[in-house]
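Keep the side chains in view.

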Amino acid sequence: MKTFDRIFVIVMDSVGIGEAPDAGEFNDKGANTLGHIAEHMNGLHMPHMEELGLGNIRPIQGIEPADKPKAHYTTMKEASNGKDTMTGHWEIMGLYIDKPFRTFPDGFPEELLNEIKERTGRGIVGNKPASGTEIIKELGEHHMETGDLIIYTSADSVLQIAAHEEVIPPEELYEICELCRELTLDEKYMVGRVIARPFVGRPGSFERTSNRHDYALKPFGRTVMNELKDEDYDVIAIGKISDIYDGEGVTKAVRTKDNMDGMDQIVASMDIDFNGISFLNLVDFDAKFGHRRDPQGYGEALEAYDKRLPEVLEKLQPEDLLLITADHGNDPIHHGTDHTRELVPLIAYHTAIKEGRELEQRDTFADLGATIAENFSVKKPAYGQSFLKNISEGGERA
């Protein structure tokens with residue numbers, strides 16, 4: 001018998017809450033995304049997350065511990081070998097990844113680039129880690145004159161291709177990305193995602209469009225989302241969730257333009273009569289601020305997100321559960337431009353909670369997926385332990 005009819009999951013992409021026990025193995029000793037942003041801001045103003053118990057997890061400047069937190073709270077450790085978006089999300093839904101995706105800090109191998117050139121008939125420029133906005137500023141004019149593909153990467157395991165929509169229409173760019181996805185399936189490349197990055201405009205005023213498309217590897221095994229879909233439950237994937245799982249286990253995919261659109265879409269999903277999960281990724285924290293090492297912008301984005309939370313909380317029905325977490329860290333004050341190996345917050349809220357309490361720290365993100373699986377009585381993942389009874393016991397839910 002289900003405890004909850006609908007579960008809403010919000011992943012605050014990269015919002016870590018302090019170094020993981022094994023952070024030193026990833027060169028991330030001292031990383032603390034939330035803590036360092038709060039210090040930079042001279043205190044974060046997130047009253048709604050504060051009420052839920054975010055400040056009870058660990059000290060965060062400006063976010064006080066709540067005397068009577070509205071939600072249950074703790075942190076989760078990542079068990080998989082990695083700290084990227086796909087590894088974190090796949091683990092959330094019950095997978096354990098022992099071999100990390102490959103990154104390309106020195107650009108992609110010539111062997112791969114030559115194959116792309118031969119198969120597409122186009123030249124290539126870039127081939128380095130870069131900000132998407134900066135590289136089109138740097139190479140956009142050259143691309144418009146030559147038709148060369150702008151290929152670049154980031155701290156993630158990604159091969160990104162930027163192209164002006166008037167030079168290479170999105171449909172053609174998608175075909176090129178599909179080709180690159182096929183070429184990079186080889187284990188010697190082990191690229192997590194190939195991303196189409198269309199843009200428009202003229203030199204000096206280029207703008208990326210919303211026609212981005214991600215071509216991800218399929219998860220290496222079945223996730224809780226597959227089990228839900230097979231049992232006729234709804235799996236609403238909002239933002240880049242569908243791309244991260246390559247559509248596996250998704251019954252409805254909703255694209256978003258930014259964090260605020262993401263909040264719009266999860267609020268809209270609360271007005272739908274469905275039975276299953278609504279799963280949102282808020283990518284701006286990571287893509288727009290973490291990788292660009294912009295603690296001010298990151299802090300402002302966190303505060304903007306917090307202002308939208310009441311819309312979610314007010315629409316929660318007695319049969320609903322809200323889970324808020326993250327997939328890794330990306331401390332903008334830490335060295336480099338990479339993700340950071342951090343603990344992530346876990347907030348669990350439903351309307352019957354009289355007073356929230358601290359839960360045991362979770363040893364894997366997969367505990368979240370195991371909890372969802374137990375709630376809907378579908379096959380549990382091989383990894384993870386459900387905390388369903390810990391958030392519903394004590395007379396708070398029958």
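Is Tyr96 buried, partly exposed or exposed? The model is a predicted one. In it, the relative accessible area of Tyr96 is 36%. Buried would need under 20% and exposed over 50%, so Tyr96 counts as partly exposed.

Now turn to the aromatic rings. The count comes to eleven aromatic pairs. One of them joins Tyr96 and Tyr383. Tyr96 sits in the loop between helix H4 (85-92) and helix H5 (110-120). Tyr383 sits in the loop between helix H13 (366-376) and helix H14 (388-392). The two are 287 residues apart, and the pair links distant parts of the chain. Tyr383 is partly exposed as well, with a relative accessible area of 41%.

Next come Tyr233 and Phe376. Their ring centres lie 4.8 Å apart with the planes at 55°, so this pair is tilted. Tyr233 belongs to the loop between helix H8 (224-230) and strand E9 (234-238), and Phe376 to helix H13. The pair therefore ties together parts 143 residues apart in sequence. Both Tyr233 and Phe376 are buried. Elsewhere, ring pairs join Trp90, Phe101 and Phe220 into a cluster.

Last, the helices. The axes of H10 (residues 259-269) and H12 (residues 295-315) come within 10 Å and cross at roughly 5°. An angle under 35 degrees counts as roughly parallel, so H10 and H12 are roughly parallel to each other. H10 contributes Met260, Met263, Asp264, Ile266 and Val267 to the contact. Among the H12 residues are Tyr305, Arg308 and Leu309. By class, this contact has eight nonpolar, four charged and no polar residues.

Methods
Residues numbered from 1 in each chain as written. Predicted model: local features only at pLDDT ≥ 70, side-chain atom pairs only at ≥ 80, totals over all residues. Heavy atoms only, no water. Axes fitted to C-alpha atoms, helices over the stretch in contact; angles between N-to-C directions. Helix = DSSP H or I, 4+ residues; strand = E, 2+ residues; numbered from the N terminus. Parallel < 35°, antiparallel > 145°, perpendicular 65-115°, else oblique. Contact = heavy atoms within 4.5 Å. Nonpolar A, V, L, I, M, F, W, Y, C, P; charged D, E, K, R; others polar. Phe/Tyr/Trp six-rings, centres within 6.5 Å; stacked < 30°, edge-to-face > 60°. Buried < 20%, exposed > 50% of the residue type's maximum accessible area, 1.4 Å probe, protein only.
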